[in-house]
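Subject: Structure handover

Hello,

The structure is placed below, and my notes on it follow. Please read them with the coordinates open.

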Amino acid sequence: MTPGNNGASTPEDDDPFGYLYEDGQAAGAQPPSGGGYGYPGSVNRVRPVGERQYGAQQQAAATAQYQQQYGQTVPQQQSYGAQPNAHYQAPETFPGGPPAGQQPPSYNNGGGGRGRGPNTKGLLIGAIAVVAAVVIGISVAMMNGNGDDKTDDQAGSTPSTSQSASSSPSPSASASSGLETQTIDAKALKLEGGATLASDVKGADADGGIYVTGLNAAGASVTWQISGIPSDGTYTVFAHYSSTSDDQQMTLSINGKKFGSPFNLKNYAGAPDGNFEKGWTTSFAWPTLTKGTNSISLSCEDAAKCNVLLDQLWVKQGQVKK
């Protein structure tokens, strides 16, 4: 084939804007009308693919024109019948394709005329709600953890030994008593060794202000037969007495047996020497009693200082201080 102007008889050479140029105008190109190109006899390409059909005469004319222009024989492996070739059919003609004229849905997050996408705002709100629920659950758990019962870790003021103990007139409270307090006045005690009753000195708590005197002599003693002890165990024996000047002490015996160290009868009130009216105070010890009836006695041994006035004894269950 030689270079040159082959005209506008083939679709490959059609220029839709040929009418704008001098060579196109010389070849007879005109502005488009009715949907064709600018050249005379140009191919109209506005039809969908597969829609154009060729009959036998049209096919023969097209073949002759092609051979005349290009001097080549048209391959015959492809035939043009009355039906459109399946390779050139529009997408809507295939099985399962969308109906003609129907556009597939578009998926965008937003924008005018583009359809609705996933609701990202709803997903964000749901995520925030989940996080908030987790935070609230942790907060509740922490609050519940901080609300656990607390125990009082204060150390008790009760001595651990149960041999004997004595204290000041204002000791702090210790274990509670499981036994109702049993109290005995001086006039109900058994007196021995020269101990007698008196009521001259004021301040005694016993009925009628009666107390025991004459205990500052070897062998002098008071004894209490107490009944109603609920069980074996440690009990607290209290004594209300008056002491002056030097500290005094007596021997505590339980059921005829000496109990530990002496029962302290100190001058906790700080009364002047001989002023028994100012010396009333309390002391105690923690002996072991048995269930039922027990004998509790205070006695003055040889060389002991027992110059006290005694008006009451009482017992409580457990190790207590008042």
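The protein has three helices and 13 strands; both are DSSP runs numbered from the N terminus, with helices being H or I of at least four residues and strands E of at least two. This is a predicted model, in which local features need pLDDT of at least 70 and side-chain atom pairs count only at pLDDT 80 or more, while totals for chains, interfaces and linings use all residues. Residues are numbered from 1 along each chain as its sequence is written, and side-chain values use heavy atoms, with hydrogens and water left out.

Overall figures come next. Of the 322 residues, 28% are buried (buried is under 20% relative accessible area, exposed over 50%, partly exposed in between, with a 1.4 Å probe and protein chains only). The accessible surface is about 20300 Å², and carbon and sulfur atoms hold 51% of that (Shrake-Rupley method, 1.4 Å probe; for residues, only the protein chains shown count as cover). Among contacts with a separation of 6 or more, 71% are between residues 24 or more positions apart (a contact is heavy atoms within 4.5 Å).

I184 sits in strand 1 (residues 182-185) and counts as buried because its relative accessibility is 9%. Leaving out residues up to four places away in sequence, I184 touches L189, W224, D311, Q312 and L313. The C-alpha atoms of I184 and Q312 are 5.8 Å apart, although 128 residues separate the two in sequence.

The whole structure contains four salt bridges (a side-chain nitrogen of Lys or Arg within 4 Å of a carboxyl oxygen of Asp or Glu). Three of them are described here.

- D207 and K187 pair at 3.1 Å, N to O. D207 is in the loop between strand 3 (196-198) and strand 4 (211-213) and K187 in the loop between strand 1 and strand 2 (190-192), so the bridge ties together parts 20 residues apart in sequence.
- D246 and K305 pair at 3.6 Å, N to O. The pair links the loop between strand 6 (233-242) and strand 7 (248-254), which holds D246, to the loop between strand 12 (292-299) and strand 13 (309-317), which holds K305, 59 residues apart.
- E301 and K258 have their closest N and O atoms 4.0 Å apart. E301 is in the loop between strand 12 and strand 13 and K258 in strand 8 (residues 257-258), 43 residues apart. E301 is partly exposed at 37% relative accessibility, whereas K258 is exposed at 54%.

Regards
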